[in-house]
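Here are my notes on the model, as numbered points. Please read them with the structure open.

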Amino acid sequence: MEKIMSITKLIDGYKKKEFSPVEITKQYLKRMDDIDHKLHAFITVTYETALAQAKNAEDNYLKGKQLSALQGVPLSYKDLINTNGVRTTSGSKINHSYIPNSDAYVVQKLTQAGAINLGKTNLHEFAFGITSTNPFYGAVKNPWNLDNIPGGSSGGSGAAVCANLGLASIGTDTGGSIRIPASACGVIGLKPTKGMVDTTGVQGISWTLDHVGPITQNIGDLAIIMNGLTDRLYQEHCHTQISGMRIGVPRHYFTCHIEPDILLAYQNALQQLESLGAILMEIDISSVQTASEQVFPIALAEGASIHENHLRFKLNDFGEDVRAHLEAGKSITAMDYIKALNWRKKAISEVDQALTEVDIIATPTLPVSPKQIGVEHVEIDDLQEDIFTSMTRYTRLFSLTGHPALSIPMGLDTQGMPMGLQLASKYYYEPLLIRSGYAFEQSYLTDFYEQRQRISQNL
């Protein structure tokens with residue numbers, strides 16, 4: 001299973017009996033055995049579950065039963081999403097042996113749709129970080145360069161999809177944790193509208209900010225996975241007509257303190273959208289810098305609350321960086337927390353207002369490319385930031401406001417690492433993101449996808 005196959009082609013092949021779900025699943029499991037020791041993308045591989053689900057899918061195809069939307073599609077879940085009878089570690093020592101007795105809502109939905117669970121992907125411990133350098137299960141490696149991080153916290157999911165260890169993975173996003181690894185690994189990541197995908201059964205960081213969504217290899221696959229997650233039809237929006245679509249280009253914040261390669265790629269991506277008939281419009285969302293920083297007090301305070309008992313009784317079982325984050329959360333005052341929530345309201349209002357003037361806001365996904373494992377600080381121009389703050393700088397705003405946001409590749413930097421374009425829109429306007437993303441993909445990413453294919457094959 002070295003060649004990447006779209007979900008549409010996979011299902012078409014099943015229907016034509018060119019191959020079977022059991023055959024395909026065995027190929028993916030073998031590929032995982034062959035290469036995942038290089039990537040550490042998975043914590044648990046669910047051999048028995050995957051083969052049983054594949055056998056059921058195969059029987060349904062052979063019997064000509066009415067087939068579910070994702071019948072026989074192999075995918076994975078970030079290992080803080082509960083899976084019945086399969087351990088769910090949250091990337092932690094504390095939950096090393098935790099075995100849920102029920103599936104998370106998203107697992108129920110995709111299993112009912114016929115998806116095959118290949119396993120549980122590695123992540124930054126309890127999702128409290130963006131490097132996926134996990135002290136307990138190994139640092140996840142970026143398939144484009146094994147010395148570099150894949151982003152996080154859904155780093156295993158991003159690396160798995162890039163390396164063709166399954167056709168999709170389900171991640172979570174509190175400050176950018178779907179879009180950051182999507183950008184860093186050169187794949188597609190969607191943070192849906194807040195609340196669109198139920199987070200029941202997911203180990204949370206922040207009830208105010210947490211989202212669940214898919215990471216896929218292309219926009220068409222994203223649309224199909226979203227069908228399964230929401231029972232809404234998205235594939236009909238995979239067309240290339242975006243003439244007249246108003247693309248908002250924010251002034252200042254999203255083009256300051258950014259690596260030159262990414263700024264140039266962003267400018268080229270905007271020109272490509274314009275060449276497709278989109279209308280570029282400058283917009284002003286000047287307060288977003290202050291507002292976006294409020295992700296930190298909200299996430300830290302709520303995270304410390306969620307982990308209150310662990311902090312009291314198992315403090316030394318946390319990794320060093322996560323322990324420091326959670327202990328900092330304990331010191332956030334009620335006044336600071338309420339101020340942050342009020343800033344959130346202001347941010348929602350400002351983004352809502354901007355989206356009355358334009359259809360989509362376009363920004364780079366990250367201001368920096370994925371760095372080497374172990375790098376803790378990033379310096380651009382006269383700004384030095386810790387890597388967590390730097391890599392969430394452009395994504396955290398839309399986690400704060402809850403607007404849907406998509407990351408799609410926009411090429412490689414001079415070091416050969418992927419860069420991402422972020423598109424955001426009004427609540428429940430995921431179809432518009434899919435349409436604009438699809439048009440951009442079809443016109444701009446053919447060569448990039450071929451490069452990604454070679455990277456995957458050479459692992």
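1. Asp12 is partly exposed, at 34% relative accessible area (buried means under 20%, exposed over 50%, partly exposed in between; 1.4 Å probe, protein chains only). Its partner in a salt bridge is Lys16, with the closest N and O atoms 3.1 Å apart (a salt bridge is a side-chain nitrogen of Lys or Arg within 4 Å of a carboxyl oxygen of Asp or Glu). Lys16 is exposed, at 52%. The structure holds 12 salt bridges.

2. On provenance: this is a predicted model, where local features need pLDDT of at least 70, side-chain atom pairs count only at pLDDT 80 or more, and totals for chains, interfaces and linings use all residues. Residues are numbered from 1 along each chain as its sequence is written, and side-chain values use heavy atoms, with hydrogens and water left out.

3. Asp59 and Lys55 form a salt bridge at 3.0 Å, N to O. Both residues lie in helix H3 (residues 47–63), four residues apart, about one turn of the helix. (Helices, H or I of at least four residues, and strands, E of at least two, are DSSP runs numbered from the N terminus.) Asp59 is partly exposed at 22% relative accessible area. Lys55 is partly exposed at 44%.

4. Asp359 and Arg246 also form a salt bridge, their closest N and O atoms being 3.1 Å apart. This pair links distant parts of the chain, 113 residues apart. Asp359 sits in the loop between helix H13 (334–357) and strand S11 (360–364), and Arg246 in strand S9 (residues 246–250). Arg246 counts as partly exposed, at 27% relative accessibility.

5. Beyond four places in sequence, Glu125 touches residues including Ser90, Asn134, Asp317 and Val322 (contact means heavy atoms within 4.5 Å).

6. Two further buried residues deserve a look. Asn227, in helix H7 (residues 219–230), is buried at 9% relative accessible area. Setting aside residues up to four places away, Asn227 touches Arg232, Leu233, Tyr234 and Gln235. Val288, in helix H9 (residues 288–292), is buried at 1%.

7. The largest pocket has a volume of about 530 Å³. Of its 27 lining residues, the closest to the centre are Phe128, Gly129, Ile130, His325 and Phe388. H10 gives the largest share of the lining, four residues. By class, the lining has 11 nonpolar, 12 polar and four charged residues. (Ala, Val, Leu, Ile, Met, Phe, Trp, Tyr, Cys and Pro count as nonpolar, Asp, Glu, Lys and Arg as charged, and the others, Gly among them, as polar.)

8. There is one cavity of 30 Å³ or more. The largest cavity has a volume of about 50 Å³. Its lining includes Leu80, Thr172, Asp210 and His211. (On a 1 Å grid over the protein atoms alone, a cavity is a set of points where a 1.4 Å probe fits but cannot get out; a pocket is an open set with protein on both sides within 12 Å along at least five of seven lines; lining residues have an atom within 4 Å of a point. Points are joined across faces, edges and corners, and a volume is the space filled by probe spheres set on them.)
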